[in-house]
Amino acid sequence: MTDQHTGGESEIQEGKQGLRTGPVHSVPGDKDQTLDEGIALCLSGGGFRAMLFHVGVLWRLNDIGWLPRLKRISSVSGGSITAGILAMNWDSLDFVTSTAGNFKLKVADPIMNLAARTIDIPAGLKGIFWFGGISKYITSAYRKYLFGDKTLQDITIKDPLNSPFFVFNATSVQSGVLMRFTKPYMWDYRVGEVKNPKVEIAEAVAASSAFPPFLSPVTLKFEPSDFEPNSGTDMQDDQYRKKIFLSDGGVYDNLGLETVWKNYKTVLVSDAGGMFSPEEKPWRNWLCHSYRTLEIIDNQVRSLRKRQVVDSYKAKIRFGSYWSIRTELAKDYAVSPSLLDCPFVETTKLANISTRLGRLDRSIQEKLVNWGYALTDCAIRKFVDPNVPPATDFPFPASRV
């Protein structure tokens, strides 16, 4: 296992390793303190680019029959859009053995329909010139095009033993830690826990993808009595429970790693995040300078999270695979047979698509899905299970990458 450097971004590789129990290090607020044998999947942020790339990831995991094997899917930002559709439609997937034949219809198609629209600029204009703030209109777009008025309580899982537990992560601007949205609970370990929250899926996903400074914050209102007594630590006062201010989950954890890391032995990490590039003459006005500073913070957090992953793999504390949208497949993840051609010059173009909630042409959408599919195929076969049969074609063969 080595650190590679491709396109200015550190790439991480893992060796083929079996499952083995490792030590667990807890932090305040951990729900579970032992390592589970199951597989966890982390879906990063990165706007519509990440949303579509992760569709390809899930598509390949479905084709090899691994979706029901996932015990937890932890997501942030663009990854939460994809995870939200999977969660909402889980019980309508027609699993034959362990593969859902209607995955494209129930998961890919709705997401690609959203990606054909621009929602960030209209939301920004409405937020500036009308009341309610930008996040209100992002939430409305998710509600209109994806989730309707479904709440977290509408996520129906008939067979919990053969399905994932979904965690949508946002960052609390007040407490500075994660706010976790799940069907059984909504939880900030400092503020406290709301059991069986009636929060709309559109609201949870909007909070998870509220990238600062333009789309943040999302504001949710509660009654202090909604929180379980003594379920927080040092911020259980009513003023922190009446109105919750939330930003993108990637502000705290841009890989969605935190809510799986202390619980699972095998962790798969799909990273569709952006690349940090040097600037010879950075902008000096306060808005552009603030945005540049946020990019630096994001890059540092991402680098630390990657290091956490690779060091744990090296120490055989965790097992699995990390893959990045910026991976050079032939160099870092080559596995035989590899039947899907993914030239690095083409995949780099896909990785450089802006991190926005902006319309993408259908051909670009299909290429992003194909790239996520092909990379997951190689990452799983090389570093997790070499017995998985190789993919024979892309989900959208005519588009390739």
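## Ground rules

What you have here is a predicted model, where local features need pLDDT of at least 70, side-chain atom pairs count only at pLDDT 80 or more, and totals for chains, interfaces and linings use all residues. Residues are numbered from 1 along each chain as its sequence is written, and side-chain values use heavy atoms, with hydrogens and water left out.

## The overall picture

The protein has 12 helices and 14 strands. Out of 401 residues, 54% count as buried. Buried here means under 20% relative accessible area, exposed means over 50%, and partly exposed is in between, using a 1.4 Å probe and protein chains only.

As for the surface, the protein exposes about 16900 Å², and 54% of that comes from carbon and sulfur atoms. Those areas come from the Shrake-Rupley method with a 1.4 Å probe.

## Strands side by side

Start with strand β3 (residues 36–43): six of its eight residues are buried, so it is largely enclosed by the rest of the structure. β3 pairs with strand β13 (residues 264–271) in the parallel sense, over six bridges. Two strands count as paired if DSSP finds at least two bridges between them. You can pick out this pairing at Asp36, whose bridge partner in β13 is Tyr264, and at Leu41, which stands opposite Leu268.

β3 also runs parallel to strand β4 (residues 70–76), joined by five bridges; Cys42 has Ser74 as its bridge partner there. β13, meanwhile, is mostly covered, with eight of its eight residues buried. It pairs with strand β14 (residues 319–324) too, again in the parallel sense and over six bridges. In that pairing, look for Asp271 opposite Ser324.

## The nonpolar core

A nonpolar core is a set of buried Ala, Val, Leu, Ile, Met, Phe, Trp, Tyr and Cys residues joined through side-chain atoms within 4.5 Å. The largest one has 108 residues, and Tyr142 and Phe181 touch the most other members. Leaving out residues up to four places away in sequence, the contacts of Tyr142 include Ile81, Leu114, Ile119, Phe147 and Leu357. Ala202, Val205 and Ala206 are also among them.

## Rings and charges

A pair of aromatic rings is described by the distance of the centres and the angle of the planes. Rings of Phe, Tyr and Trp (its six-membered ring) pair if their centres lie within 6.5 Å; planes under 30 degrees apart count as stacked, over 60 as edge-to-face and the rest as tilted. By this rule the count is eight aromatic pairs. One of them is Trp59 with Phe103, a tilted pair at 5.6 Å centre to centre with 55° between the planes. Trp59 lies in helix α1 (residues 47–63) and Phe103 in helix α3 (residues 103–115), so the pair ties together parts that are 44 residues apart in sequence. Both Trp59 and Phe103 are buried. Trp90 and Phe95 make another tilted pair, at 5.1 Å and 45°. Trp90 is buried at 4% relative accessibility, whereas Phe95 is partly exposed at 26%. Ring pairs also link Trp59, Phe103 and Phe396 into a cluster.

Charges sit over rings as well, which takes NZ of Lys or CZ of Arg within 6 Å of the ring centre and within 35 degrees of the ring normal. The charged end of Arg69 sits over the ring of Trp66, 4.5 Å from its centre. Arg318 lies over the face of Trp261, at 5.1 Å from the ring centre.

Glu200 sits in the loop between β10 (192–195) and α6 (201–208). Glu200 counts as buried because its relative accessible area is 18%. Beyond residues up to four places away in sequence, Glu200 touches Arg143, Gly148, Asp149, Lys150 and Thr151.

Lys349 lies in helix α11 (residues 344–351). Lys349 is exposed, with a relative accessible area of 52%. From Lys349 to Val401 is 52 residues in sequence and 9.5 Å in space, C-alpha to C-alpha.

Technical notes. Helix = DSSP H or I, 4+ residues; strand = E, 2+ residues; numbered from the N terminus. Contact = heavy atoms within 4.5 Å.
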